[in-house]
Amino acid sequence: MTTPLEIIDSNDPVAVPWRVALVRPDSRPEVRESEERYVMTFPHLIVREIILFQLVVIGLSLAAILFDAPLESIANPLETPNPAKAPWYFLGLQELLHYFPPVVAGVLLPALVVIALVVIPYARINLESAPLWATPSRWKTPALAATLLALLALFGIFGCWPIVIPTAILGVAVFAARFETRFLSRITLPEWIMTWFVVIAVVLTVIGTFFRGPGWSWVWPWE
Amino acid sequence: MSLQRLFAVSSVVFLAVLAFTPAKNALRPYRSIQREFRRVGAARAPSAKAAQQYAARPIAIQQIWLPDLDNRVDRCTTCHLGAADAAMAGAPEPFRMHPPTFHTPRDFARFGCTSCHAGEGLATDRADAHGTSPDSTSPILPASFMEAGCGRCHAGDSVADAPSLSRGRTLMETSNCHACHAVRGHEDFRADAPPLDTIALKTGGEWLRRWLANPKAVDANATMPNFQLGRDDLAALSHYLFSREAAPELQRAVAAAAAEPAGDKVRGKTLFAASRCISCHTVDGKGNGSAPELGKIASRATRGWLIAFIRDPHAFNPRTRMPQYSFADADVRDVVAYFEDELRDFDAPANILEPLRVNQTLAEKGATLFRSAGCFACHTEVKEGERFGPDLYGIGDRKATSLDFGRRADLQRTLPAWLAAKITAPRSFADGLKMPTFAFDDEQKRDIVTALLAIPAAPVPAAYRSAPPVQASIVPAGPIGELVSRYRCLSCHQIGGRGGDISTAPLTIEGSKVNRDWLVKYLGVPYSIRPILPERMPILKIPKDDAARLADAIEMLYVDPNVPTDPFAARPASDRDAAEGERLYTTFGCRACHIIGKSGGYYGPPLSDTHTRLKTGWVFRFLQNPQRWRADVRCPNYGMTDTDALRITAYLDTLVERKEAAQ
Amino acid sequence: MTAFEWARNTSVYRSIIRHGVLPTNRNRSLIIFENLFLHVHPVKVRERSLRFTHTYWLGGITLASTLILVATGVLLMFYYHPSVPQAYRDMKELQYVVDDGVFLRNLHRWAAHLMVIAAFLHLLRVFYHRAYRPPRQFNWVVGVVLLIVTLLLSYTGYLLPWDQLAFWGVSVGTNMAREAPLIGERMRFFLLGGNVVSENALLRFYVLHCVVLPVALLLLVSVHIWRVRKDGGVQGPPEEGARRRAQGADRDVAETPSAPRPLRPAP
């Protein structure tokens with residue numbers, strides 16, 4: 001007497017490597033075609049990498065031929081240039097310093113940003129990918145509105161217009177996205193947040209680079 | 001485009017770009033300039049071989065490295081390739097040969113270029129090398145201030161071959177810049193402004209008001225600048241100055257002198273001319289100008305004060321440069337009578353010398369103003385560190401970006417422009433500035449800016465410093481020193497490089513030069529040694545024993561040990577051949593400039609009284625090398641042999657005819 | 001046979017290059033997995049991952065600029081003394097005297113800017129493609145750390161020319177660092193080797209910029225690329241992943257199907 005056939009109902013290809021497909025009489029078998037097509041790394045990927053490297057070298061060499069790196073007069077601890085600007089990637093922070101005390105702008109906010117970035121893959125909200133307005137919910141609008149108003153108020157109190165104005169614009173866009181059908185409505189909440197962060201960072205950096213003059217006063221770039 | 005095509009294109013462009021990147025270096029301007037030099041040099045070359053050398057010059061950076069001079073590296077010659085090349089005289093710039101000066105082109109390897117011209121020596125492109133970009137550390141010295149470069153190493157006030165610099169430095173001293181502004185080397189500077197305690201005895205309120213309002217308008221020789229005082233300030237200062245009490249003996253002297261009878265103005269006029277006061281003073285603009293204008297002196301100072309002052313100037317101002325004339329009492333009265341008759345301001349109001357009645361409140365205000373406006377800086381002794389104005393250490397190296405141009409947006413943003421504007425209109429930069437206005441003309445401003453630009457932030461290394469050799473400039477203490485001080489020899493003469501420049505005869509080796517007896521007579525009655533010159537020493541009426549003591553001291557102290565007492569000692573007797581000397585005198589053509597007897601040229605001093613006046617040892621040394629003691633002596637150096645020189649000396653020593661003193 | 005073919009058959013050549021010349025898949029595989037640098041790649045890759053819009057090649061751009069920076073950086077090190085005021089003079093010497101000195105320095109500077117921008121865009125690309133999802137979470141963290149290292153490299157390099165721009169830019173930055181509570185003052189002292197930006201700061205930044213941070217970068221980049229490989233290759237736009245999940249795949253990616261799956265014996 002043989003052991004009865006154990007029938008395991010599973011999708012796990014490792015635990016159950018042999019499969020038997022049960023075809024019901026009333027169903028039509030569908031062959032799941034793998035859409036994956038594989039090609040040899042050499043030459044296809046390698047040649048693309050080489051081209052990329054060449055293009056980067058070409059681009060940078062042309063830039064190096066045409067544009068000179070700046071070099072001002074020798075460092076003089078007794079002579080502070082006005083304004084004294086940080087490198088461009090920290091200019092956003094320096095602009096923020098104009099509105100917030102140094103602990104906040106120089107330490108707290110950058111630390112928060114880094115922590116937020118690091119935490120992204122571990123936060124559940126980032127792993128789900130439903131667009132913001134896909135599932136209707138009673139609390140979504142008020143929660144969003146409350147958050148936006150809180151942000152606007154917080155940054156408004158400190159007079160930080162470079163954050164307030166883009167936040168307001170994006171806030172309007174978030175709510176307008178609900179009624180749009182093609183692109184905006186498919187943006188997820190984490191993507192909205194990241195977009196907000198990128199826009200703020202770019203605006204702050206641009207202001208710090210072009211719109212700030214002696215004494216960190218507002219100047220127009222063409223002056 | 002297929003991937004293959006893209007790869008081919010990108011590879012080709014990649015290699016092309018990499019091959020092209022050295023172009024940025026190859027296209028650097030100095031390279032094309034050096035190629036241009038090859039062509040210019042070959043075209044101007046005197047021979048085919050030289051042309052070949054020019055054409056084969058390598059294209060490379062040229063530099064002069066001076067490890068001892070702050071580790072300087074001067075790459076100016078990368079473009080200025082012909083600077084040391086005689087064939088390049090008159091070539092187009094930047095290849096032209098450097099104009100020949102004392103240090104060029106022979107001293108390039110010793111000094112480089114930037115130690116004189118400033119500029120950025122390390123640079124190899126034009127804008128950076130010439131320092132024309134705004135944040136360059138060292139802009140090149142503009143041509144009009146070229147001599148500032150000399151002053152970096154040559155620290156003395158007077159630098160040969162640098163007339164603008166020398167004038168500027170002298171002007172800074174005579175204008176008393178150092179009284180307010182500290183400059184290294186002049187830490188002990190004291191202005192020669194007079195003490196102000198005898199103002200009440202000397203002049204009147206109206207005259208003082210006019211003076212304070214604009215000194216130069218009252219007296220063209222004034223060194224006091226214009227403080228641009230308002231009416232109230234003028235009044236306050238006047239009251240303050242009139243409130244000051246002179247010493248009792250001075251008050252007595254002035255009062256007594258005022259009470260004396262009037263003098264003889266005709267005799268006074270003659271005496272005035274004989275005393276040659278215009279050796280220092282001017283009358284209606286004629287004269288030397290280093291002392292006040294006397295054309296209106298009777299409206300400037302009271303009779304009593306004038307008489308008392310001329311009798312004893314040192315009692316009123318111990319630091320005055322005026323010597324003590326040994327006039328008789330009547331002499332002074334006569335001279336002052338002459339003043340009152342002719343040398344007065346005929347347009348002045350009658351009350352010009354009326355003393356001011358002092359208002360105490362105003363006087364107190366004036367006392368504060370005396371300090372806050374800076375009057376004290378010149379008129380009192382100021383210690384180092386307490387000077388009124390900002391110090392000028394390193395002013396010549398100040399960067400234009402660190403200067404405050406204030407309201408003067410019209411100025412070029414360069415240091416020389418700032419300095420020139422400061423000197424011209426000091427208070428135009430901002431409100432509340434206190435520097436007074438000096439009446440300099442354009443040349444004087446240029447000279448002063450040159451002198452200022454010569455003040456370095458850090459002195460050059462000791463091996464490069466060139467301070468003037470100060471010989472024995474000692475004036476002994478004791479009775480001789482008193483005599484020198486009394487007659488103020490150093491107001492006109494120089495001893496060892498120190499002293500005045502009114503006389504062209506330095507006394508440094510006078511003892512080796514002139515005979516003692518002659519000197520005694522001369523000091524008693526000076527006469528014109530060189531008739532072509534209108535100036536001669538004033539008749540100070542030095543008493544005989546003072547003159548004798550002075551002559552003895554000069555003969556003992558102011559000597560040149562290289563001048564032999566007897567040049568004929570240990571020489572063959574034939575050297576003492578006066579006849580042969582006379583023949584040589586004619587051969588060398590000395591007659592063209594010198595008079596003996598009745599004929600000869602007027603250029604040099606007459607030699608008729610050589611035996612009386614000059615010592616043989618000195619004459620001998622002079623003939624060997626006329627420029628031995630002064631480089632600007634016009635007597636040509638014939639390079640004559642010692643024998644010839646001795647023979648001429650012997651001949652001159654036979655000449656005893658003494659020219660009568662001209663009165 | 002041509003000279004090239006002859007050369008390729010010598011034993012010397014074949015001791016160095018071990019794969020054959022014929023365009024067989026075997027040779028192509030050998031090229032990849034017998035090469036120290038290339039064998040981080042799988043021998044076969046998904047065709048769709050070759051598309052430009054898959055990753056926009058941003059990681060590659062970052063890596064390319066890193067290589068350019070290392071090469072130009074080493075060349076610049078030949079001309080640079082990290083002392084005051086010699087550092088500034090060396091910058092001037094690069095500009096005035098060194099052949100191609102200006103080009104070298106420009107290349108280094110623009111490559112640095114490109115690296116920062118590309119790293120940041122790479123982060124955004126990964127985020128918007130949701131390529132940080134499991135199993136790639138840790139690689140994302142490594143990436144964030146790499147971004148910080150990149151910024152620090154840029155910042156330490158910024159001081160090295162010792163001009164007004166550098167000096168005051170770093171002064172401003174380290175003053176910001178001082179504001180950190182508790183450790184701010186100490187951190188600033190450690191960074192600067194003193195209380196002000198001075199020769200010590202220059203030397204520290206030089207060591208950080210040329211040794212410490214490049215080593216950290218090298219290690220982290222190695223981990224980063226290795227993890228990419230281990231996590232199944234670069235992940236592109238999420239539509240494919242969604243489509244695949246909709247079709248029933250349990251994980252976003254699978255091992256390359258060409259590698260044989262391990263067979264388990266029957267229980």
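Guide: Gladly, and one term comes first: two strands pair if DSSP finds at least two bridges between them, where strands are DSSP runs (E, at least two residues) and helices are DSSP runs too (H or I, at least four), numbered from the N terminus. This is a predicted model, in which local features need pLDDT of at least 70 and side-chain atom pairs count only at pLDDT 80 or more, while totals for chains, interfaces and linings use all residues. Residues are numbered from 1 along each chain as its sequence is written, and chains are lettered from A and ligands numbered from 1 in the order in which they are written.

Let us look at where chain A meets chain C. A:Val39 stands opposite C:Val45, which belongs to β1(C). Around that pair, β1(A) and strand β1 of chain C (residues 44-46) run antiparallel, joined by three bridges.

Now widen the view: 61 residues of chain A are in contact with 73 residues of chain C, contact meaning that C-beta atoms, placed from the backbone, lie within 7 Å. On the chain A side, at least two residues each come from β1 (38-40), α1 (41-66), α2 (88-97), α3 (102-119) and α7 (189-210). Of the elements there, α1(A) gives the most, with 15 residues. By class, this side of chain A holds 41 nonpolar, eleven polar and nine charged residues; Ala, Val, Leu, Ile, Met, Phe, Trp, Tyr, Cys and Pro count as nonpolar, Asp, Glu, Lys and Arg as charged, and the others, Gly among them, as polar.

Chain C also meets chain B, where nine residues of chain B are in contact with eight of chain C. The chain B side there divides into four nonpolar, three polar and two charged residues.

Methods:
Contact = placed C-beta atoms within 7 Å.
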